[in-house]
Amino acid sequence: MEFSLSTDPLHSIVFCQRMQCLSFLRLKFTFLAILFIMFSHSVAYDPLDPTGNVTIKWDVMSWTADGYVAAVTMNNFQIYRQIRAPGWTLSWAWAKKEVIWSMVGAQTTEQGDCSKFKGNIPHCCKRVPTVVDLLPGVPYNQQFTNCCKGGVVSSWGQDPSGAVSAFQVSVGLAGTSNKTVKLPKNFTLLGPGPGYTCGPAKVVPSTVFLTPDRRRKTQALMTWNVTCTYSQFLASKNPSCCVSFSSFYNETITPCPSCACGCQKKKRSCIMSDSKAAHQRGINTPKKDNTPLLQCTHHMCPIRVHWHVKLNYRDYWRVKIAITNFNYRMNYTEWTLVAQHPNLNNVTQVFSFDYKPLVPYESINDTGMFYGMKYYNDLLMEAGPQGNVQSELLLQKNKDTFTFKQGWAFPHKVYFNGDECMLPPPDTYPFLPNSATANPVTFFKMAASVLLVILAIC
């Protein structure tokens, strides 16, 4: 069969219109597909830590009569986001009718219905067990390597040795070989609140271990990984911190935006700093549900970060950073602060904070992480006279890019404990007065000319 284009002008117009319509529809669907992909990935994507995640690894160490014994290791590969108190909570759904016979280094929050068992009673019979870490100081026979820290896990960038938590679990009524074992599913990680999304368990090459003398290698009988990523949008609808600015060249202080972290409508959602309630006994005792008790402010944020452009030298400039806690029920251990600014590629000295440059993209060095010095200021106390930490930062100028104009001296992004803080609108930044850039000689010449004109008129 042969095909040929019609010579009828009307048919040609209709054909062209159909082709244009098909092209438009194809372009539309392509555009929607791109938007869907971008949105689905951006929900749990951090541009300053693009590869950050929490990886949960299950290593089957031995098979038992009705199941297996596994070492479960949680590695926090996030550079500046830790899991703070009251710690992580991990849950999953069994694929069949598995039970947990025993655990070392962790425990389930509920035992469930184990009435069908006689004699040896399992540790947990729930189809969806919920596991938490043990507290420090438990008996030695209940401990496991990297366990028993109350669920607190450091960030990878701050303390790699503390960025791991582990426990051992003995599973029964399960498969007894690589072919018959069924992987758990529907993993959920709270750290300590919502925000993490976990993917499915995937079988990976077995983990290889070195003996203590490092002369022999052993390996797990089977290994699977679960990867969890964090999204601030899932964690909270409002930010948890805000940023304010000030400078030596302008008396104006740019405060945090009003209601930056959401204004509560409850009557007792905050207390005034000078009220009697702020000095009552037990005000700093945390609640079981972790609800904050904030000091009344216009921004209603638990944390405020203040960036002050302090001094200007010929070849350097100086910044003061202050972090204030407005939550009476929360102190922050091993806190982290991340800032993005183009001049962080030339940091000369950081006073009273530890500092580490972050280079997620090798060609760009504009991001750095600040954190407290161990046993000095790595603990940010509750709201009150002691509820702040501060430091100063000395940076060397790049003559090609340095300026105080148009808010260049202030950071582009600020994160506290891994959550992005709300910055003030750019048009409210402390501006550089016009007189600061004027040539004083020119100014006096103009003043003298005006004075001569006035005298001539008189």
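# A first tour, in questions

Tutor: Let's start with strand β1 (residues 54-63) and strand β13 (residues 222-230), which are joined by seven bridges and run antiparallel. Before you ask anything, this is a predicted model, where local features need pLDDT of at least 70 and side-chain atom pairs count only at pLDDT 80 or more, while totals for chains, interfaces and linings use all residues. Residues are numbered from 1 along each chain as its sequence is written, and side-chain values use heavy atoms, leaving out hydrogens and water.

Student: How many bridges join β1 to β2?

Tutor: Nine, and those strands run antiparallel too. T55 has N75 as its partner in β2, and the hairpin of β1 and β2 has four residues between the strands.

Student: Why is one side of β5 and β8 left without a neighbour in the sheet?

Tutor: Look at the open sheet first: its four strands run in the order β5-β6-β3-β8, with antiparallel pairing. β5 (106-108) and β8 (185-190) are at the edges and each has a single partner strand, so one side of each has no neighbour in the sheet. Ignoring direction, neighbouring strands here are turned by 20° against each other on average (axes are lines fitted to C-alpha atoms, for helices over the stretch in contact; angles run from 0 to 180 degrees between N-to-C directions).

Student: How do you know that β5 pairs with β6?

Tutor: Three bridges join β5 to β6 (residues 130-133), in the antiparallel sense. T108 faces V131 of β6.

Student: Why is β14 said to be largely enclosed?

Tutor: Buried means under 20% relative accessible area, exposed over 50%, and partly exposed in between (1.4 Å probe, protein chains only). Seven of the seven residues of β14 (residues 241-247) are buried, so the strand is largely enclosed by the rest of the structure. In a regular strand, side chains alternate between the two faces of the sheet. In β14, both faces are covered: C241, V243, F245 and S247 are buried on one side, and C242, S244 and S246 on the other.

Student: Which way do β14 and β18 pair, parallel or antiparallel?

Tutor: Parallel, over seven bridges, with β18 covering residues 303-312.

Student: Why does V181 count as buried?

Tutor: Its relative accessibility is 7%, so V181 falls under the cut-off. You'll find V181 in the loop between β7 (164-172) and β8. Beyond its neighbours within four places in sequence, V181 is in contact (heavy atoms within 4.5 Å) with W63, Y68, G175 and M222.

Student: Is C259 buried or partly exposed?

Tutor: Partly exposed, because its relative accessible area is 37%. C148 comes out as buried, because its value is 9%. Phi is positive in both, near 60° for C148 and about 55° for C259, though neither is a glycine.

Student: What makes a space a pocket?

Tutor: On a 1 Å grid over the protein atoms alone, a pocket is an open set of points with protein on both sides within 12 Å along at least five of seven lines; a cavity is a set where a 1.4 Å probe fits but cannot get out. The largest pocket holds about 1200 Å³ of space. It has 38 lining residues, and R84, S240, N290, P292 and P302 are the closest to its centre. A residue counts as lining if it has an atom within 4 Å of a point. Points are joined across faces, edges and corners, and the volume is the space filled by probe spheres set on them.

Student: How many residues of the lining are charged?

Tutor: Eight, alongside 17 nonpolar and 13 polar. Asp, Glu, Lys and Arg count as charged; Ala, Val, Leu, Ile, Met, Phe, Trp, Tyr, Cys and Pro as nonpolar; the others, Gly among them, as polar.

Key. Two strands pair if DSSP finds at least two bridges between them. Helices (H or I, at least four residues) and strands (E, at least two) are DSSP runs, numbered from the N terminus.
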